[in-house]
Amino acid sequence: MLVSKFEVDKNKYDLSTSNAKLFVCLVSVDASDSIASIIKEINDNSWIAKLDIVEQISYEARLKETVKGIMQNCVKFNSDTNCDIYDYSVVGEYIISKEGRRALVGEFNHFAIPLAELWKEKSSGNPGFDYHSESTTNLIIFGEAKYNSSSNPYTNAISQVEEFIDKGKDRMELTDLRNFVSNAAIENFKQSKKGFSIAFSIKAQNPDEIINNAILSDKINKIKDYDEFYIIGVIINDK
């Protein structure tokens, strides 16, 4: 459920030196509903059928172990009321990734790209960005999701994005992303036109204050040099 969304007035927040358009979205979700949506998505392989035969073979092989791992964690979460902290944190990050991308698509009219866990070679512990979309301005948006059961990990999410920019993770992912985005988005990327997103869990009495702190974070150094930046706060209502 949407709580609020807006484009940040950079003058109000003293961000006039930032090149990026900054957007904010706050959503509230039920954990069980989000998990059901994740399970439905990982069992829907229709996106693979749109690729050429070589890519279909490759992605189907990658999916096998990934889907197995995600399903095990999600099923355990839904059935075990005493789900341990590790399992909850794993599933929590799935939820944040899913809801971060859903906000980009549903609230900002982006084009959806399959969750990164589904098309990357590593079956768990995604070694790069967690979710992606293509914006209405034909920019590839690279998203990082962070979950914490007791705090608001926007700083961790920002730091991870900054680190991935330094390591060129966005460039590394382009060979896969070209299967899912428009030619215009690829051409924009070649000209360093792209955007980033953070999605993070919020555990606070005043979520708006946490969002405000994220906007004002002094950790955003490299992100602000690009075109668009989306801050997505996710309030998870326990199962």
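Does phenylalanine 196 count as buried or exposed, and at what relative accessibility? Phenylalanine 196 counts as buried, because its relative accessibility is 0%. Buried means under 20%. The model is predicted.

**The whole protein**

Start with the overall picture. The protein holds nine helices and seven strands. Its C-alpha trace spans about 50 × 45 × 30 Å along the principal axes. The radius of gyration is 17 Å. A compact globule of 239 residues would have one near 18 Å, so the value agrees with that form.

Burial comes next. Of the 239 residues, 53% are buried. The protein exposes about 11,500 Å². Carbon and sulfur atoms supply 47% of that area.

Take the contacts with a separation of 6 or more: 73% of them join residues 24 or more positions apart.

**The aromatic rings**

A pair of aromatic rings is described by the distance of the centres and the angle of the planes. A search of the whole structure finds eleven aromatic pairs.

| Pair | Centre to centre | Angle between planes | Class |
|---|---|---|---|
| Phenylalanine 129 and phenylalanine 142 | 5.3 Å | 50° | tilted |
| Phenylalanine 129 and phenylalanine 196 | 5.9 Å | 40° | tilted |

Where do the partners sit in the chain? Phenylalanine 129 lies in the loop between helix 5 (116-119) and strand 4 (131-134). Phenylalanine 142 belongs to strand 5, residues 140-146. Their pair therefore ties together parts that are 13 residues apart in sequence.

The pair with phenylalanine 196 links distant parts of the chain. Phenylalanine 196 is in strand 6, residues 195-201. It stands 67 residues apart from phenylalanine 129.

Ring pairs link Phe129, Phe142, Phe164, Phe189, Phe196 and Tyr226 into a cluster. Phenylalanine 196, the residue of the opening question, is thus a buried residue and a member of this cluster.

Notes. Residues numbered from 1 in each chain as written. Predicted model: local features only at pLDDT ≥ 70, side-chain atom pairs only at ≥ 80, totals over all residues. Heavy atoms only, no water. Helix = DSSP H or I, 4+ residues; strand = E, 2+ residues; numbered from the N terminus. Rg over C-alpha atoms; globule rule 2.2 N^0.38 Å. Buried < 20%, exposed > 50% of the residue type's maximum accessible area, 1.4 Å probe, protein only. Contact = heavy atoms within 4.5 Å. Areas by Shrake-Rupley, 256 points an atom, 1.4 Å probe, with all protein chains shown as cover. Phe/Tyr/Trp six-rings, centres within 6.5 Å; stacked < 30°, edge-to-face > 60°.
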